[in-house]
Amino acid sequence: MEPTTPPSPRPARWPGAVCPPGAPGFVQSAKAWLFDLAPARWRYEEALHTHPAELATMIRLHLEAEITAVQTRLRTLRGGAPADGGGTPAVTPAVPEACAVYAREHAWACAMLDQVRLIEDALITACRAAAGRRRAGGAPRRAAVPAPRPATG
């Protein structure tokens with residue numbers, strides 16, 4: 001029987017829905033959690049099912065872009081910068097309720113980014129370990145992928 005790595009305890013800030021690294025089901029639970037954060041169309045990309053570390057990387061990049069966009073909009077709404085960068089004022093005046101929504105989204109995206117980074121690092125480690133086992137003679141497993149999405153016009 002092949003020796004297994006004992007699961008490590010859940011790191012601080014680890015998402016509760018994801019099994020700890022090394023535990024049975026870690027990769028599957030990480031993929032499920034990541035796909036919940038991803039745009040729905042990403043579920044139909046076979047490469048993201050086959051390479052979960054790339055899924056985590058794409059979500060990290062997506063969150064980083066969202067954080068930048070929200071920060072820019074907050075600065076614009078609060079009068080810190082023109083909306084188009086060229087001197088034109090924001091189209092809408094600062095609405096306190098809208099600013100609060102942007103601030104909450106910013107806080108959420110930052111928290112998710114922190115967790116996605118943890119998952120990304122753990123998936124990279126798990127993928128390297130799996131690649132080492134494959135080189136040692138284990139057979140790779142195909143991931144289940146949903147049917148292709150219909151074309152939109």
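# Cut-offs and conclusions

Visitor: Why is C127 called partly exposed?
Guide: C127 has a relative accessible area of 29%. Buried means under 20%, exposed means over 50%, and partly exposed is in between (1.4 Å probe, protein chains only). C127 therefore counts as partly exposed.

Visitor: What is the basis of these values?
Guide: This is a predicted model: local features need pLDDT of at least 70 and side-chain atom pairs pLDDT 80 or more, while totals for chains, interfaces and linings use all residues. Residues are numbered from 1 along each chain as its sequence is written, and side-chain values use heavy atoms, without hydrogens or water.

Visitor: What makes C110 partly exposed?
Guide: The relative accessibility of C110 is 31%, so C110 counts as partly exposed.

Visitor: How do you know what span to expect for α1?
Guide: The expected span is 1.5 Å times one less than the number of residues. Helix α1 (residues 26–37) has 12 residues, for which 16 Å is expected. From first C-alpha to last, α1 reaches 17 Å, close to that value.

Visitor: Which residues of α1 are buried, and what do they pack against?
Guide: F26, S29, A30, K31, W33, L34 and F35 are buried. The buried residues of α1 pack against α2 (46–50), α3 (52–77) and α4 (96–135). Contact here means heavy atoms within 4.5 Å.

Visitor: What makes W14 and F26 an aromatic pair, and what kind is it?
Guide: Rings of Phe, Tyr and Trp (its six-membered ring) pair if their centres lie within 6.5 Å; planes under 30 degrees apart are stacked, over 60 edge-to-face, the rest tilted. A search of the whole structure finds one such pair. W14 and F26 are 6.0 Å centre to centre, with 35° between the planes, and the pair is tilted. W14 lies in the segment before α1 and F26 in α1, so the pair ties together parts that are 12 residues apart in sequence. Both W14 and F26 are buried.

Visitor: What is the phi of R13?
Guide: R13 has a positive phi of about 70°, although it is not a glycine. Most residues other than glycine have a negative phi. R13 lies in the segment before α1. At 49% relative accessibility, R13 counts as partly exposed.

Visitor: Which residues touch the most other members of the largest nonpolar core?
Guide: L34, I59, I119 and L123, out of 23 residues. The elements giving two or more residues to this core are α1, α3 and α4. The largest share, seven residues, comes from α4. A nonpolar core is a set of buried Ala, Val, Leu, Ile, Met, Phe, Trp, Tyr and Cys residues joined through side-chain atoms within 4.5 Å. Not counting residues up to four places away in sequence, I59 touches L34, L37, A38, W42 and V116.

Key. Helices (H or I, at least four residues) and strands (E, at least two) are DSSP runs, numbered from the N terminus.
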